[in-house]
Amino acid sequence: TLQPMKLTPRSMTSAWGSSDQLLPMSGRRPAVDERFLVLEGFDDRIQIVTCTEVQNPVSTGDPLSAAAGRVWKLGAVALVVTIVAVLCVLYEAMSTENPTSSLARTLGNTAVADPGDTIPMCAEVARDVEYHTSMSLRRIPNIYSEDMCCAACSADPSCKVWSWGQRRFVSGLTNSCYLKHLRLGEAPTIISRPGVVSGVLLRRLDKHGIVAKKLAEDQPSISSWIVERHETCRGGLDLTGYGRVQVVNAQRVTPGLKSTTVDIASNGWELLPHLRSRAFFSEDTCSAGEYDANRFLNLKLLGRTVHYTVDMSGAGCGCNAQLMLVPMRRAQRKLSKCGDYFCGPAQKHVCGETCHAIRLQDANQYAWSTSVQLEDDEHGIAVGFGGGLRKNGRREWNQMEYGTGGACIDTSFPFQVDISFLAADTGMLEALTLALWQPGQRCNVTSRIDKYSFRGKNGLTVLGEMLEEGVTPVV
C-alpha cells in the first residue's frame with residue numbers, strides 16, 4: 001500500500017523552496033519560495049503560518065467551542081484568513097437489530113485493570129457490525145488493529161464503545177477507530193456493517209495521571225485570553241503588496257460573549273488567533289477601544305489571486321479556522337450590537353449588521369469549505385470537503401485526499417492555498433477558483449464556483465461589485 005509522504009520538521013526546510021516538485025493551480029509554478037504568502041500582482045512576501053494546540057477544555061454552549069481551547073497560528077495572509085468551521089462525516093445506519101444478551105451482560109461493568117493483569121480490556125468483540133450510541137466522541141485515523149482501537153478507547157475516560165474499520169480501501173473507514181460514549185442504562189444499537197469490528201470496553205487501564213494533571217495545571221484558562229478595552233490594538237502586520245496594517249481586536253463575538261485575543265508574532269508576519277476570537281485588518285492607525293468604519297482596510301481584489309500558507313495541524317474536529325472578506329468600510333455601515341462594524345450574512349440575530357461575504361476558509365484538519373454568500377441568503381454556495389447531517393455535504397474531494405495523512409493534502413503539515421477572483425471581459429466576477437497544494441505531494445485538490453443565483457439575483461455579479469469596491473479581511 002502506498003503511503004503519503006510525511007515531512008518531518010527537519011525535512012520541511014529543504015522541501016520548501018523546491019518549487020520544481022510541484023506545479024500548483026493550472027500548472028503555474030510558484031514564483032517564490034513556498035514559505036511565503038504572495039498576493040499575485042504584488043511584490044512583497046508574507047511568511048509561513050504555524051500552529052500549536054493548547055489543551056484547555058472550555059464550555060461555552062457553542063459546539064465549535066466545545067472542543068479543547070486551541071491556538072491557530074495563521075501566517076499573516078496576503079489577505080485575510082477567517083477561522084472556520086468543522087464538519088465531520090457521519091455514517092448512515094444500514095439496518096438495525098436488538099442488542100444481544102451477551103453484549104448486554106458486559107454493559108456497565110467497566111473495571112479498572114492492574115497494568116500487570118492479563119484479563120483483556122475488551123469484551124464481546126463483534127465482527128461485521130458497528131455499534132451506535134447516542135453520543136459519538138471522535139474518529140482516530142491510522143489505527144491498524146482492533147487491539148489498538150480498544151486501547152484508544154481505554155485511554156479516553158469518556159469512551160465505553162468502539163468501532164474499527166478493518167475493510168480495505170474505503171475512505172473514512174479503513175484503519176479508522178471511532179470512539180463512542182455510552183450513557184447510564186444505554187445499550188448500543190447493533191448495525192450490520194461488513195468489514196467493521198466493534199467492541200465494548202470491559203476493563204480500563206489505571207493511568208496514574210501525574211503528568212496529565214501537571215500539564216493541565218500549566219495550561220492557561222480561556223479567560224486569560226479575554227481582550228480588554230485597552231488591548232484592542234494588537235500591533236502592526238506587514239501585508240504583502242500593501243504595506244503595514246493594524247490588527248484590531250473585536251471586544252465581543254456576540255453581544256453577550258467577550259472575544260479573546262488575536263496575537264501577532266514573528267515580527268509582524270504571523271497571526272495567532274485564540275479560540276473564540278475575532279479581529280479585523282485596519283489601516284496603519286489604531287485607537288484602543290475605538291472602531292472607525294473609515295479606517296478599516298479596503299482591498300480591491302477583483303482579478304487578483306490570494307495566496308497564503310496555513311497550518312491546520314492543531315485544529316481538530318470541532319474547531320473552525322476561518323478567514324473571510326466582508327465590506328466593512330462603507331459609508332452606510334452602522335455600529336453593530338457587538339460595539340464594532342462587523343457584518344455578515346448570518347449576523348442579523350447576532351451582532352445585527354448584515355452584508356455579503358466571501359468566506360475564503362472555514363476549515364480544520366478534516367474538513368474544508370470555501371463559500372460565497374449574499375447577505376439575505378441563509379446558506380450560499382460552498383465547495384470543498386466535509387459535512388452532511390441529513391444529506392451529504394461538500395464532496396469535491398475525499399478524505400483520502402484531504403486530512404491527516406492525506407495523499408494530496410496532509411493536514412498534519414502546512415499547505416498552500418490559492419483563491420482567485422477571475423474577472424470577465426465585462427469587468428464582473430466570472431468565477432472563484434480554489435486550489436490547495438502541498439510541496440512534495442503528488443496531487444492537488446481544486447474546485448471552482450462559477451454559478452450562483454439567489455432570488456433572481458446573479459450572486460457573482462453582486463459579489464464582483466463588492467470586490468471591486470473593496471473588502472476587509474476578518475480573522
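I count a charge as sitting over a ring if NZ of Lys or CZ of Arg is within 6 Å of the ring centre and within 35 degrees of the ring normal. With that in hand I went to R278: its charged end sits over the ring of F342, 4.0 Å from the centre. A reminder to myself that this is a predicted model.

**Entry: the whole chain**

The chain has 5 helices and 33 strands. Of its 475 residues, 53% are buried. I also looked at contacts between residues at least 6 apart in sequence, and 69% of these join residues at least 24 apart. The accessible surface comes to about 21,500 Å², with 50% of it belonging to carbon and sulfur atoms.

**Entry: aromatic rings**

Back to F342. Which rings are linked with it into a cluster? I find F280, Y291, F296 and Y341 joined to F342 through ring pairs. The structure as a whole holds 8 aromatic pairs. I looked up one of them, F280 with Y291: it is edge-to-face, with 6.4 Å from centre to centre and 80 degrees between the planes. F280 lies in strand β19 (residues 279-282) and Y291 in the loop between β19 and β20 (305-310), so this pair ties together parts that are 11 residues apart in sequence. I checked burial too, and both F280 and Y291 are buried.

**Entry: S163**

I moved on to S163, which I place in strand β9 (residues 161-165). Buried or exposed? S163 has a relative accessible area of 2%, and the cut-off for buried is under 20%, so I note S163 as buried.

What do its side-chain polar atoms meet? One of them lies 3.4 Å from the backbone nitrogen of Y131. The side chain of S163 also makes a polar contact of 3.3 Å with the side chain of K180. Leaving aside neighbours within four places in sequence, I list contacts of S163 that include E130, C149, S176, C177, Y178 and V196.

**Entry: helix α5**

Last stop, α5 (residues 459-469). I wrote down G459, L460, L463, G464, M466 and L467 as buried there. They cover an arc of only 160 degrees around the axis, so I put them on the same side of α5.

Then I looked at the two ends. N458 caps the N-terminal end of α5, with a side-chain oxygen 3.1 Å from the backbone nitrogen of L460. After α5 comes G470, and I noted its positive phi, near 125 degrees.

Key
Residues numbered from 1 in each chain as written. Predicted model: local features only at pLDDT ≥ 70, side-chain atom pairs only at ≥ 80, totals over all residues. Heavy atoms only, no water. Helix = DSSP H or I, 4+ residues; strand = E, 2+ residues; numbered from the N terminus. Buried < 20%, exposed > 50% of the residue type's maximum accessible area, 1.4 Å probe, protein only. Contact = heavy atoms within 4.5 Å. Areas by Shrake-Rupley, 256 points an atom, 1.4 Å probe, with all protein chains shown as cover. Phe/Tyr/Trp six-rings, centres within 6.5 Å; stacked < 30°, edge-to-face > 60°. Polar contact = N/O pair within 3.5 Å; in protein donor to acceptor, adjacent residues only side chain to side chain. Arc of directions from axis to C-beta.
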